[in-house]
Each structure stands twice: as structure tokens, then as C-alpha cells.
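Here are my notes on this structure, point by point. Please keep the structure open while you read.

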Amino acid sequence: MYRLTIKTGFAAAHNLINYQGDCENLHGHNWKVEVTVTATELDQAGLAIDFKVLKRETNALLDELDHKYVNQHHFFQDISPSSENISRYLYHQLSTRLNNGNVKVDRIGVWESDNACAEYYE
């Protein structure tokens, strides 16, 4: 089994819903995102998946959130755009784009600060 991880990020504003505290107010983060995939086989070039492909698909998805008000994104209309829910959203969307029988999204980590990360996996 092979495990590959990339790190990228996005900047956006949000406010938590049903949160009793300062984070219920509009604020922003420079989120860091870690995407980890697994694979059982390598291709003829010795790659599980080309890092270029992994970065391209991840960044295309993050473009939906980058420099946006996350609460206005269609997925977050009825749920709080917490780091936990953002990681779940990214996991499911990237799984649709990348999972192919060999490559599988393993986990998504969303860092809202240098010391706080939420991960989603199945």
C-alpha cells in the first residue's frame, strides 16, 4: 500500500452557525489543506498518481472556496462551515474526482490555524 500527501490551502471568510462565541461573527482564515490518498499499485512510471494530477484536482476544488464567504457556498447553506464540515466536503468531492479502484482518498486535514486541524476520513 502506498500513501501520498500534498499540502495546499485557501483563504476565505466564514462564520459558524449555532456557536456561542466569537466565531459566530464573520472572520477569516488562511486554511491549510492536507490531502492524503492511498494506492495499491504503481503505474509504468512507478507512480500511484501523478502529484500534478492530485494538486490540479485539489486546487480546482479549493478555487470554489478561495477568497469567498464560505457560508454562501451551496454545500454550506444549511450546515455550519466548520473545519470539520469543510474537510468532509473536500473528502467527498475529491473522492468523486480521484477514486478509481486503485487510488482512494484516505483523509483530508483542514488546518484553520498552525495549531488546530480537523480531519475527515471513512
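1. An α-helix has 3.6 residues a turn, so residues three or four places apart point the same way. Keep in mind that this is a predicted model.

2. Next, the core. The largest nonpolar core has 27 residues. Phe10, Val35, Val37, Ile86, Leu90 and Ile108 have the most contacts inside this core. S1, S2, H1, H2 and strand S3 (103-113) each give two or more residues to it. H2 gives the most, with 6 residues. In soluble globular proteins, nonpolar side chains tend to be buried together.

3. Val35 deserves a look of its own. Leaving out residues up to four places away in sequence, Val35 touches Leu4, Thr5, Ile6, Leu54, Thr58, Leu94, Arg107 and Ile108.

4. Is Thr36 buried or exposed? Thr36, in strand S2, is buried, with a relative accessible area of 0%. Its side chain makes a polar contact of 2.8 Å with the side chain of Thr5. Beyond its neighbours within four places in sequence, Thr36 is in contact with Arg3, Leu4, Thr5, Lys104, Val105, Asp106 and Arg107.

5. Asn30 is also in strand S2 (residues 27-39). Here the residue counts as exposed, because its relative accessibility is 59% and the cut-off for exposed is over 50%. Apart from neighbours within four places in sequence, Asn30 is in contact with Phe10, Ala11 and Trp111. Phe10 is one of the core residues listed in point 3. Asn30 and Ser113 are 83 residues apart along the chain, yet their C-alpha atoms are separated by 7.5 Å.

6. Asn18 is not a glycine, but has a positive phi of about 60 degrees. Asn18 is found in the loop between strand S1 (2-14) and S2. At 70% relative accessibility, Asn18 counts as exposed. His67 is not a glycine either, and has a positive phi of about 55 degrees. The loop holding His67 runs between helix H1 (51-62) and helix H2 (83-98). His67 counts as exposed, at 65% relative accessibility.

7. Last, the cysteines. How many disulfides does the structure hold? The count is 0. Cys23 is in no disulfide, and the nearest cysteine sulfur, that of Cys117, is 16 Å away. Cys117 is likewise in no disulfide. A disulfide needs the two sulfur atoms within 2.5 Å. Cys23 is partly exposed, with a relative accessible area of 26%. Cys117 is partly exposed too, at 33%.

Notes
Residues are numbered from 1 along each chain as its sequence is written. This is a predicted model: local features need pLDDT of at least 70, side-chain atom pairs count only at pLDDT 80 or more; totals for chains, interfaces and linings use all residues. Side-chain values use heavy atoms; hydrogens and water are left out. Helices (H or I, at least four residues) and strands (E, at least two) are DSSP runs, numbered from the N terminus. Buried means under 20% relative accessible area, exposed over 50%, partly exposed in between (1.4 Å probe, protein chains only). Contact means heavy atoms within 4.5 Å. A nonpolar core is a set of buried Ala, Val, Leu, Ile, Met, Phe, Trp, Tyr and Cys residues joined through side-chain atoms within 4.5 Å. A polar contact is a pair of N or O atoms within 3.5 Å; within protein, one must be able to donate a hydrogen and the other to accept it, and residues adjacent in sequence count only if both atoms are side-chain atoms.
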